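Subject: Structure for your review

Dear colleague,

Please find below the structure that I am handing over to you. My findings follow it, arranged by region.

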Amino acid sequence: MEKASAFLCHPRNSGGIKGIIPRTLLSFLESELQKLDAEAARLADYFDVIVGTSTGGLVTAMLTAPDQNNRPLFAANQIVDFYLEHCPKIFPQINIPLFGDALENAKGAYAPKYNGKYLHKLIKEKLGDRRLNQTLTNVVIPTFDISCLQPAIFSTYELKRNKKLDPALLSDICIGTSAAPTYLPSHYFKTATREFHLVDGGVAANNPILTN
């Protein structure tokens with residue numbers, strides 16, 4: 001398997017539950033590559049860099065985080081199953097008979113629609129203590145830091161350029177980049193070199209291909 005000089009991009013325009021659609025395409029692409037090479041082939045074997053924002057940032061981490069054998073933690077088809085299984089619990093639908101939609105919309109004006117607890121626990125369980133510098137190929141995951149009103153781009157390239165940076169946990173990055181305003185709460189964490197207060201990467205780069 002020879003890695004191509006190319007990158008794979010996951011834009012935010014298919015975020016949330018709609019993320020199943022592009023993830024299905026990724027699963028198909030990986031299955032075709034397996035026909036050419038071997039069943040163990042994974043997308044991370046073929047791309048110099050994988051880029052994703054919002055839910056695409058989570059997919060980027062899942063495709064590139066290493067398992068105990070230093071192979072990708074998830075196959076692409078497992079990510080489709082992940083969405084189908086967990087999205088109903090991440091975004092639970094509550095039926096309120098009278099004025100339900102109006103009440104839910106009003107709530108979004110002062111608090112997130114969902115508390116994010118299930119999503120946060122799930123991401124931490126799946127990604128564990130794996131950090132940005134451990135990904136199996138280069139990644140770029142945009143977020144937006146509301147404490148300084150500036151984009152915060154998590155990039156393995158930046159880690160290689162600046163050895164003083166402390167690599168963040170992939171779980172923290174993913175929780176931050178998927179924290180869609182009005183839907184999920186912002187995410188605060190700190191590394192040895194910086195504090196972050198993050199929301200959805202789509203605020204900074206809805207289509208991260210435009211940031212390269």
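In what follows, a residue is called buried when its relative accessible area is under 20%, and exposed when that area is over 50%. Please bear in mind that this is a predicted model.

I begin with strand 3, which spans residues 138-145. Of its 8 residues, 8 are buried, so this strand is largely enclosed by the rest of the structure. In a regular strand the side chains alternate between the two faces of the sheet. Here, Asn 138, Val 140, Pro 142 and Phe 144 point one way, while Val 139, Ile 141, Thr 143 and Asp 145 point the other way. Both sets are buried.

Which strands pair with strand 3, and in what sense? Strand 2 (residues 47-52) pairs with strand 3 in the parallel sense, over 3 bridges. In this pairing, Val 139 of strand 3 has Ile 50 opposite. Strand 4 (residues 150-155) pairs with strand 3 in the antiparallel sense, over 6 bridges, and Ser 155 of strand 4 is the bridge partner of Val 140. The hairpin formed by strand 3 and strand 4 has 4 residues between the strands, and Leu 149 in this hairpin takes a positive phi near 55°. Strand 6 (residues 195-199) runs antiparallel to strand 3 and is joined to it by 2 bridges. Val 199 in strand 6 stands opposite Phe 144.

**The annotated positions**

The UniProt record, an unreviewed entry, places the feature "active site" at Ser 54 and Asp 200. Although these positions are spread over 147 residues of sequence, they cluster in space, with a largest C-alpha distance of 5.4 Å. Ser 54 is found in the loop between strand 2 and helix 2, whereas Asp 200 belongs to the segment after strand 6.

Are these two residues buried or exposed? Ser 54 counts as buried because its relative accessibility is 5%, and Asp 200 is likewise buried, with a relative accessible area of 2%. Their side chains make a polar contact with each other at 2.9 Å.

Ser 178 is located in the loop between helix 7 (170-177) and strand 5 (187-190). With 10% relative accessibility, Ser 178 counts as buried. A polar atom of its side chain lies 3.4 Å from the backbone oxygen of Ile 175.

An α-helix has 3.6 residues a turn, so residues three or four places apart point the same way.

**Aromatic pairs**

A search of the whole structure finds 6 aromatic pairs. One of them is formed by Phe 154 and Phe 196; this pair is tilted, with 5.1 Å centre to centre and 50° between the planes. Phe 154 lies in strand 4 and Phe 196 in strand 6, so the pair ties together parts that are 42 residues apart in sequence. Both Phe 154 and Phe 196 are buried.

With kind regards

Terms used. Residues are numbered from 1 along each chain as its sequence is written. This is a predicted model: local features need pLDDT of at least 70, side-chain atom pairs count only at pLDDT 80 or more; totals for chains, interfaces and linings use all residues. Side-chain values use heavy atoms; hydrogens and water are left out. Buried means under 20% relative accessible area, exposed over 50%, partly exposed in between (1.4 Å probe, protein chains only). Two strands pair if DSSP finds at least two bridges between them. A polar contact is a pair of N or O atoms within 3.5 Å; within protein, one must be able to donate a hydrogen and the other to accept it, and residues adjacent in sequence count only if both atoms are side-chain atoms. UniProt positions are given in the numbering used here, feature names are shortened, and annotations may be inferred rather than shown by experiment. Rings of Phe, Tyr and Trp (its six-membered ring) pair if their centres lie within 6.5 Å; planes under 30 degrees apart count as stacked, over 60 as edge-to-face and the rest as tilted.
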